[in-house]
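Please read them with the coordinates open.

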Amino acid sequence: MSRPIEIPLAVPVVGPAEARNLQACIDTGFVSSVGEFVTELERKVAASTGALSGVATSAGTTGLHAALTTVGVGRDDLVVTPSFTFIASANAISHCGATPWLMDIDGNWTLDLDQVERELETSTQRDGGALVHRPSGRRVAALMPVYTLGNLCDPRRLREIATRFALPIVADAAAAIGASWQGRPLNEGADLSVISFNGNKTVTAGGGGMIVGDNAELMNLARHLTTTARVSSDYSHDRVGFNYRMTNLQAAVGCAQMEQLPAFIAAKRRIRQRYREGLDDMAGLEFFPGADDGSSCWFSGVVLNHPSLPSARDIADSLRHQGIEARTFWKPVHLQTPYSQVPRADLKSCEGLWQRVLTLPCSTNLTDDQQDRVISALRATLNVPAGG
Ligand SMILES: *Cc1c(COP(=O)(O)O)cnc(C)c1O
C-alpha cells in the first residue's frame, strides 16, 4: 500500500470567487448553455490570446473537432500533426473522418516545421485545387500544430508554410493559455486556436474549451456548427451540426479563474524555474524547453538523459510511495493502437524523448516547502542505482 497523495501533480485551485459566480447562476436560473458568463468568458479568453473573438465549447477535444470541421476537414482527408501529443489531438482529426499525418518534434517539443515543409515538398502534389499526399492519394486538408506544455510554434514560419501550400492552420492550444512567442500573442500562429479548460489545465472551468480567432466568417461558422447548425428558432438546421456548447455553470468558474490568469502563469513559471535551480547540478538531468520564448509552462519536470538513471516510471513509483504524485508523459500517437497504421514521417526525436520525461507536481498553489520536499525526494531517488 502506498501513502495517500500529499502533493498532487496538477489540481484545480478554486475558491470564493468561483463560488460567488456559481451562486449567481443559481440565483438567476442561468445554469445551462446560454448566459452572461459564457459571453464574458468568450470575451476574456479571446482578449488574452490576442484574438478578436471566441466560441466556448464543451471541451478542448470538441472544440478541435468543430474547428477542423470549420476549416473544411472531412472524410478521408489528412491533417498534419505531431506524434508527440495527447491522443485527443489525433482523435479530433478522426472524429472528422480524417486521418493524422504524423510528424516529428523540434527542440521545443512542438511540430518540426522544417520537416513538415520537406515532407509537403517531397510527398505531395497539386491535383486541381487539392494538395494530394502521393503515397495514399488522400487530400491534405490542414496543419494542426500542438503547443506542447504551452510552447508556441514560430508563427511566422507556420504562416509561411501554410501560405505556400494553401493550407488552413488549426492550433491545438489546449494547454497554452497565457503563452506568447517572443512577445507575439498566441492567436497569431493559426486561423483558429483551441484552448482547453479541463481540470488539470492552468485555467479550468471544471471542463470545457474555446475556439479563438480573427476571421469573422470562420468564427461565425464555428459558432453555427457548435450549436446544432440552427438557422431559426423553428427547428430548421442547414448542416449536420454538433451540440458542443459550454454551460453557464462552467463559464462561471472559468470567468473567476481568468481573473487569476497572470498570477497562475507567474506561479507556473516560478515552479519551472525552482525545479531547475534545485536540480541543475544533478548529472544526466535536463529540463523542459520553451520558458525563454514565452511558454506558459503548463507542466514542469525533468528529462532523464543518462542510461544509468532509473526509468521515469520507476522514479514516479518511488515518489508516489513518499506521497508525491509524479508521472510519465505522453506516449506518442503512432504507438497507440488506433494510430499504428497512419502515414508518418521519421519520428526519431519523439521516439527518443517520450520515455525519458518525468512530470513533477506543479499545481498553481504548490508551496515552496512542498516543492523543496519534491526536490529532495527526487535527489534521493536519483542517487539510488536503477532497480534499487
Ligand atoms: C488537454 C488537452 C487536450 C484535450 O482537451 P479536453 O478539454 O480535455 O478535451 C487536447 N490536446 C492537448 C495537447 C491537451 O493537453
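**Ligand site and voids**

1. A side-chain N or O atom of Asp172 lies 2.8 Å from a nitrogen atom of the ligand. That is a polar contact, a pair of N or O atoms within 3.5 Å. On its own the ligand exposes 390 Å², and the protein buries 91% of that (Shrake-Rupley areas, 1.4 Å probe).

2. The model is predicted: local features need pLDDT of at least 70, side-chain atom pairs count only at pLDDT 80 or more, and totals for chains, interfaces and linings use all residues. Numbering starts from 1 along each chain as its sequence is written, and side-chain values use heavy atoms, with hydrogens and water left out.

3. A polar side-chain atom of Thr61 is 2.5 Å from a ligand oxygen. A backbone N or O atom of Gly60 is 2.8 Å from an oxygen atom of the ligand.

4. The ligand sits in the largest pocket (more than half of its atoms lie within 2 Å of the grid points). A pocket is an open set of points on a 1 Å grid over the protein atoms alone, with protein on both sides within 12 Å along at least five of seven lines; lining residues have an atom within 4 Å of a point.

5. The largest pocket holds about 670 Å³ of space. It has 37 lining residues, and Phe86, Asn200, Lys201, Trp298 and Trp330 are the closest to its centre. By class, 19 are nonpolar, 14 polar and four charged.

6. The second largest pocket has a volume of about 310 Å³. Ser33, Val34, Arg223, Thr227 and Arg245 are the closest to its centre among 16 lining residues. α2 (36–49), β1 (53–57) and α7 (216–226) each supply at least two residues of that lining.

7. One cavity of 30 Å³ or more turns up in the whole structure; in a cavity a 1.4 Å probe fits but cannot get out. The largest cavity has about 60 Å³ of space. Its lining includes Ala10, Asn200, Lys201 and Lys268.

How values were computed. A polar contact is a pair of N or O atoms within 3.5 Å; within protein, one must be able to donate a hydrogen and the other to accept it, and residues adjacent in sequence count only if both atoms are side-chain atoms. Grid points are joined across faces, edges and corners, and a volume is the space filled by probe spheres set on the points. Ala, Val, Leu, Ile, Met, Phe, Trp, Tyr, Cys and Pro count as nonpolar, Asp, Glu, Lys and Arg as charged, and the others, Gly among them, as polar. Helices (H or I, at least four residues) and strands (E, at least two) are DSSP runs, numbered from the N terminus.
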